[in-house]
Amino acid sequence: MHMNTAELKFRHFLGPAMTEHWMMTWHEDRHVSPGVPDLHYVIDEDCRVGWLELKAMEVELSKTYRVRVEPSQHQYIRRWRDFMPIHFLIRVKRIVYLVDGIHHAALPEIHNAHDMRLICTATCDQADIAKVLTPALKILTRY
């Protein structure tokens, strides 16, 4: 499997949009989940390292189009969630949702924006990502 076009676009948007607000490193495990972009980040010296699973879709959520969570991602979250904050950063068209990794099993069942908002920690238009994501992640990763 290769990174889909929506995720690639989101990745190219996210890097520059957040560059002044965090230190981060992209990860792509070519053996476990090839092409799935993930990153670890630190907001500032008062925060610990966090992990984001990046997802993106160019269509609205529906019974046909849902967020796919790879088996290896479920496994990674179960193994590591007690040791570091893990969240999904999901863009659906222009709306971005920050979802706690604890919802990893329920996430693939979400098929509308209303239910996504019920489980998300923060949401915003993509244009406001730095303004919303930075303080949200700072709170979530503060020591």
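Two strands are said to pair if DSSP finds at least two bridges between them, and the strands themselves are DSSP runs (E, at least two residues), just as helices are runs of H or I with at least four residues, numbered from the N terminus. The structure described here is a predicted model, in which local features need pLDDT of at least 70 and side-chain atom pairs count only at pLDDT 80 or more, while totals for chains, interfaces and linings use all residues. Residues are numbered from 1 along each chain as its sequence is written, and side-chain values use heavy atoms, with hydrogens and water left out.

Six strands form an open sheet in the order 1-2-3-4-5-6, with mixed pairing. Strand 1 and strand 6 (120-125) stand at the edges with a single partner strand each, so one side of each has no neighbour in the sheet. From one strand to the next, the twist averages 25 degrees, where axes are lines fitted to C-alpha atoms (for helices over the stretch in contact) and angles run from 0 to 180 degrees between N-to-C directions.

| Strands | Sense and bridges | A bridge pair |
|---|---|---|
| Strand 1 (23-27) and strand 2 (38-42) | antiparallel, five bridges | Thr25 and His40 |
| Strand 2 and strand 3 (50-57) | antiparallel, four bridges | Asp38 and Glu53 |

Helix 4 (residues 129-141) packs on the sheet, where it touches strand 2, strand 3, strand 4 (86-92), strand 5 (95-100) and strand 6, and its direction makes about 165 degrees with that of strand 6; contact here means heavy atoms within 4.5 Å.

**The cores**

A nonpolar core is a set of buried Ala, Val, Leu, Ile, Met, Phe, Trp, Tyr and Cys residues joined through side-chain atoms within 4.5 Å, and buried means under 20% relative accessible area, exposed over 50%, and partly exposed in between (1.4 Å probe, protein chains only). The largest core has 22 residues, of which Leu14, Trp22, Leu89 and Leu133 touch the most other members. Its largest share, five residues, comes from helix 4. Leaving aside residues up to four places away in sequence, Leu133 touches Leu14, Met18, Trp22, Leu89 and Leu98. A second, separate core of 18 residues includes Met57, Ile86, Ile90 and Val92.

**The cysteines**

The structure holds zero disulfides, a disulfide being a pair of cysteine sulfur atoms within 2.5 Å. The sulfur of Cys47 lies 18 Å from the closest cysteine sulfur, in Cys124, which is too far for a bond, and Cys47 counts as buried at 5% relative accessibility.
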